[in-house]
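Please study the sequence and the model that follow. The dialogue then takes up the reading of a sheet and its surroundings.

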Amino acid sequence: MKVVVDMSKCQDHGQCVFAAPEVFRFDDAGRLTHLSNPDDALSDAVEEAADVCPLQAIRIEH
Amino acid sequence: MRAPIVVVGASLAGLRAAEQLRAAGWEGPITLVGDEPHPPYNRPPLSKAFLAGTASSASLTLRPRPSVADATWLLGTRAVRADLDRRTVDLVDGRTLPYRALVIATGTRPRRLTCPGPSVGRHTLRTLGDARRLRAALAEPGARVVVVGAGFIGCEVAATVSALGAADVTVVDPLPLPLLGPLGESLATELRVRHERRGVRFALGRHVTGFAGRDRVTGVRLDDGRTLAADVVVESVGSLANTEWLAGNGLDLTDGVLTDAHLRVGGRPDVVAVGDVARFPGLRYDGVPRRVEHWSIPTDTAKHAARVLTAHLAGAGAGADTKAGTGADFGAGVGGELAPFAPLPTFWSDQHDFRLQSFGAPALGTADARVLYGEPGADVVVGYHREGRLVGVVALGGRAAVAAAARHRADLLQQSPTT
């Protein structure tokens, strides 16, 4: 599973961090970072993160 | 052929319901009915980036999951009747859809003002069509704008319009402050100050009594005798649930469709309601059933309702259409393996160059609001308490304030004041 975040859309809502903290987090500077190839076991959480992004900035490629 | 699960309403809640039915194991047919001609799109930008002209309509389109590629979409039509005993939905074009299970996702429409005067020049903001018409009206140079209603949409529209350089923007509301209900007095006061500093005017504590003008609106009459000059009026005075098509089935349709703690409707295991139209018990707080028009609710309700429906159908012998092992029937109710629906409320609102971000239920704790972080006038986080316990937090400001509010989220998630 590949996770792509369109950072030109991201507006720091942080909903993905709540939905899938294993994959998305804010760094010390408050910028969103994420794992690009998370384990497939996390796919439910990643799909939820994509759903709850208000900007629809998260894309999942299987 | 097996009857489909019919989802009436093809916006965010309808789309998420279809996707979540697949995720919960439903492999049978799904039919969605939507009254708008467009596939599902994201509404929040309509009052902000789309209205400002910085987001295209294409950018609003929601990407359905691949799992619903085989769903049947009936767009540009709407349900006019349902018979929950016969399990049918009648459409305005004369078709009758039999269903295996029904998902009610018809959402809301804007409430309109009924006071006298011309209707041309008066707008609402709910659909893409509404937003296009409003955007065109605002393109007239020097347009004077009056926004009626200082709720979320009213405040967002006022902020967007003022940034577009409209000659003047005034927000009218019967309450003494914008967003007073959800924010309480101290933060609502700060919100008002921030709007005024950016050129938005307010006529607060005032009712609209009528509209001036012959063929089109030229002004908004207030109950203090003033008339505010207006070329464009935006009515953002709340919403009405789209439930008329469900009449005659013995349901409680008082402000939305009443559901149980698992989003089931009318005591029926095969009918659920999701999104803005669902009036579900607020089990995390006071147990009172309410509709909740936060952006997160369609997704949250869809996930829960789909699991409830799918489990019921699996238990009812729809084995050919559901994956094995999707779990027991939750039909027995709250004692089942799925906990009752009790999401943590959350909302945001972008206005001017700041964001409001809320977690929990600040409206229930406005009598005891305390600054938790920062200070009014800058980035600030306010905590709302009931009987001494934190029930909600709201950030007003930039990234640092939002991050500070989010640090209370885990605490709010653990709390359930009714238990």
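**Reading a sheet and its helices**

Q: In β2(B), which residue is the bridge partner of B:Val8?

A: Strands are DSSP runs of E with at least two residues, and helices are runs of H or I with at least four, numbered from the N terminus. In β2(B), B:Val8 has B:Val33 as its bridge partner. The model is predicted, with local features requiring pLDDT of at least 70, side-chain atom pairs pLDDT 80 or more, and totals for chains, interfaces and linings using all residues. Residues are numbered from 1 along each chain, chains are lettered from A in the order written, and side-chain values use heavy atoms without hydrogens or water.

Q: How many bridges join β1 to β2 of chain B?

A: Two strands pair if DSSP finds at least two bridges between them. Here four bridges join β1 (residues 5-8) to β2 (residues 30-34) of chain B, and the two strands run parallel.

Q: In what order do the six strands of the open sheet lie?

A: The order is β3-β2-β1-β7-β20-β19 in chain B, with mixed pairing. The edge strands, β3 (72-75) and β19 (264-265) of chain B, each pair on one side only.

Q: Which strands does helix α1 of chain B touch?

A: Contact means heavy atoms within 4.5 Å. Angles, from 0 to 180 degrees, compare N-to-C directions of axes fitted to C-alpha atoms, for helices over the stretch in contact. Helix α1 (residues 12-23) of chain B packs on the sheet, touching β1, β2, β3 and β7 (101-104), and its direction makes about 175° with that of β2(B).
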